[in-house]
Amino acid sequence: MGKVVGFEMSSQQPEKAVKFYSAVFGWEFSDPQWGYWSVSQEQAKGETTLNGGISKGPHDYPHGTRIQIEVDSIDNYIIEAKKNGAMVVREKMEFDEFFLAYLIDPTENGFSLIQSK
């Protein structure tokens with residue numbers, strides 16, 4: 001079963017978005033990696049948080065917020081999603097510690113699949 005593990009806000013002006021969320025909500029961001037600024041959140045005892053951040057999204061990718069769904073086999077879930085009407089926007093990408101793909105469901109909601117290495 002896929003589990004929601006995070007969120008990503010896509011923007012063509014990520015620095016401006018980082019400044020906004022820092023000023024309004026006090027979010028602290030790490031230095032960017034791969035055009036992605038992760039949100040640093042403190043976790044109180046017994047409290048869980050949702051990981052997330054802001055990215056400079058590709059100009060042709062729908063802007064907005066999408067959830068990240070962790071799966072055990074990104075390839076299998078991409079196949080299943082496509083069989084059920086999803087469109088792959090960015091094929092599986094490899095990063096140091098994970099694989100990531102961007103999709104759009106049949107109702108045009110963007111989401112990403114993420115698989116740890």
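Okay, let's start with the lining of the largest pocket: by class it has 12 nonpolar, 14 polar and seven charged residues. Here Ala, Val, Leu, Ile, Met, Phe, Trp, Tyr, Cys and Pro count as nonpolar, Asp, Glu, Lys and Arg as charged, and the others, Gly among them, as polar.

A quick word on the source: this is a predicted model, where local features need pLDDT of at least 70, side-chain atom pairs count only at pLDDT 80 or more, and totals for chains, interfaces and linings use all residues. Residues are numbered from 1 along each chain as its sequence is written, and side-chain values use heavy atoms, with hydrogens and water left out.

Now, the salt bridges. The count comes to four, where a salt bridge is a side-chain nitrogen of Lys or Arg within 4 Å of a carboxyl oxygen of Asp or Glu.

One of them joins the side chains of Glu8 and Arg66, at 2.9 Å from N to O. That pair links distant parts of the chain, with Glu8 in strand E1 and Arg66 in strand E5, 58 residues apart. Strands here are DSSP runs of E, at least two residues, and helices are runs of H or I, at least four, numbered from the N terminus.

Are those two buried or exposed? Both Glu8 and Arg66 are buried, meaning under 20% relative accessible area, while exposed is over 50% and partly exposed is in between (1.4 Å probe, protein chains only).

Then there's Lys83 with Glu80, at 3.7 Å from N to O. Both sit in helix H2, three residues apart, about one turn of the helix. Lys83 is exposed, at 61% relative accessible area, and Glu80 is partly exposed, at 41%.
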